[in-house]
Amino acid sequence: MDGNSTFKTDYIPHDVTRRYVHTQPEYRPKSGEVDHHTTYKTDYNPHKIKPTESMRPPERKHGKGGKVDTVPTYKDDYRMWDIPKRKPKPSHAYCPPTARFGNPSTFQDDYGPKMYSLRESFKPPDMPKTSDVPFDNLTNHKISYVAHPLGERFVRQREEYKPSDTPFEALTTHRRDYKGMHGDMTKSFKPEQSKIGSDAPFDGNSEFRDRYQAWPVSLPYMHKHPDYVQPDGPMDLNTTSHLDYIGHNVKPPAPFKPASARKVHAPFQGSTTMKEDFKTWDVKKPEAIKRGEELKVSCAKFDGLTTFKANYVPHPIHPLQSFKPANVPLHSKTPFDAGTLYRTEYTPKRLEICPASYPTPPGFVFETTDSRGHKFFHKITPSEERLMMPNEMAIPKEVAVMS
């Protein structure tokens, strides 16, 4: 590798010039006075214009010069009627009746007393259903299962390892193609930054300051309010209601609602139609339905024998045969081959030390040092070869060392 890139080989340098900067010419005021005439003043011809007439019709007064009659129609047509006042209703005290109320109610007419009777229950009895057939311990699996013989398990033979006959070559692309060559430093093509401006002092005058003319301005008109003058004499606090109101002596209206607080000194009659006509019946409550005792407790002494012990018949148990393969490691009769690719193909070689790791590489003589601090050495001559250390290192022609 020569260290050159596509940019270095294809790049063509060009002459770079400074960018053109437009300089504004110096302002020079014109001689003479400024003409303030405009196109409107020069081309406009004034005309005499009459004020526009109003399109609104003139206001007409529809009326006569006679006296206005201020009597309204209500006062002229309304006539008072002689309506007598209504007399208040006399208050009558409530007197409860002494005779018995003789009208029977709808409940008394339509209701007939009936005797209470219990309904018959049609619910089936809650009794367990037992069978007289003895229990059969056979299942479909026991009846239909057929045991089939299993063959031997297939064991795949292991292939023998065959090592390669070619020796291992520890040569890489970097060791084969790399050449330690010095490359030049890339140059920057960025233009230099220079100050763009002028060193002349700044002129603080402007066109507004040079040509501005002060015009006389009058102050705006301010209306002055007259001073408040307090009237003479006391203030009249009378109103139209105070002057024209006529008071009348009117009694407040009496209420027509009868008095709610009535005091009755007679004893309270607490008897009702329901109490007098309804006769209580002697009805007994239905007794709760209780189940009869299914198991009769014996009075004899408990002998310790249960139903399970008395009725249980022991049967011989035949354990099912397991067809699961045994959990035993597989052993081979062939001896173990401990050889690997590394052991068979590895060729031991002598380690080479990079000459750049020495302050003064053996077999080279110092030549120069560049601006970056790189030291350059050249190979020794045949006359100085006897001073070289006896080794078998592959020494390059030039070596760059970074101090």
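**Note on the predicted model**

1. Lys257 lies in the loop that runs between helix 8 (240-244) and helix 9; helices (H or I, at least four residues) and strands (E, at least two) are DSSP runs, numbered from the N terminus. Because its relative accessibility is 72%, Lys257 counts as exposed; the classes are buried under 20% relative accessible area, exposed over 50%, and partly exposed in between (1.4 Å probe, protein chains only). Lys257 and Leu138 are 119 residues apart along the chain, and 99 Å separates their C-alpha atoms.

2. On the basis of the note: this is a predicted model, in which local features need pLDDT of at least 70 and side-chain atom pairs count only at pLDDT 80 or more, while totals for chains, interfaces and linings use all residues. Residues are numbered from 1 along each chain as its sequence is written, and side-chain values use heavy atoms, with hydrogens and water left out.

3. Arg19 is placed in the loop between helix 1 (6-10) and helix 2 (39-43). With a relative accessibility of 73%, Arg19 counts as exposed. Between Arg19 and Arg175 there are 50 Å in space, C-alpha to C-alpha, and a sequence separation of 156 residues.

4. The salt-bridge count comes to one, the criterion being a side-chain nitrogen of Lys or Arg within 4 Å of a carboxyl oxygen of Asp or Glu. Arg176 and Asp177 form a salt bridge through their side chains, at 3.4 Å from N to O. Arg176 counts as exposed because its relative accessibility is 56%, whereas Asp177, at 33%, counts as partly exposed.

5. Glu345 belongs to helix 11 (residues 341-345). Glu345 is buried but has no salt bridge, and the nearest side chain of opposite charge, that of Lys349, is 12 Å away; for charge, Lys and Arg count as positive and Asp and Glu as negative, with His and the chain ends not counted. Setting aside neighbours within four places in sequence, Glu345 has contacts (heavy atoms within 4.5 Å) with Ser164, Thr166, Pro167 and Phe168.

6. Strand 1 (residues 364-369) and strand 2 (residues 374-379) are paired antiparallel over five bridges; pairing requires at least two DSSP bridges between two strands. Phe364 has Lys379 of strand 2 as its bridge partner, and Val365 is opposite His378 in strand 2. The hairpin has four residues between the strands, and Gly373 there adopts a positive phi near 95°.

7. Phe107, Tyr111, Met115, Tyr116, Leu118, Met274, Phe278, Trp281 and Val283 make a nonpolar surface patch of about 1,100 Å². Patches are made of residues with over 30% relative accessible area and no salt bridge, like charges being joined within 9 Å and nonpolar side chains (Val, Leu, Ile, Met, Phe, Trp, Tyr) within 5 Å. Accessible areas come from the Shrake-Rupley method with a 1.4 Å probe, and for residues only the protein chains shown count as cover. Val283 sits in the loop between helix 9 (273-277) and helix 10 (307-311) and is exposed, with a relative accessible area of 52%.
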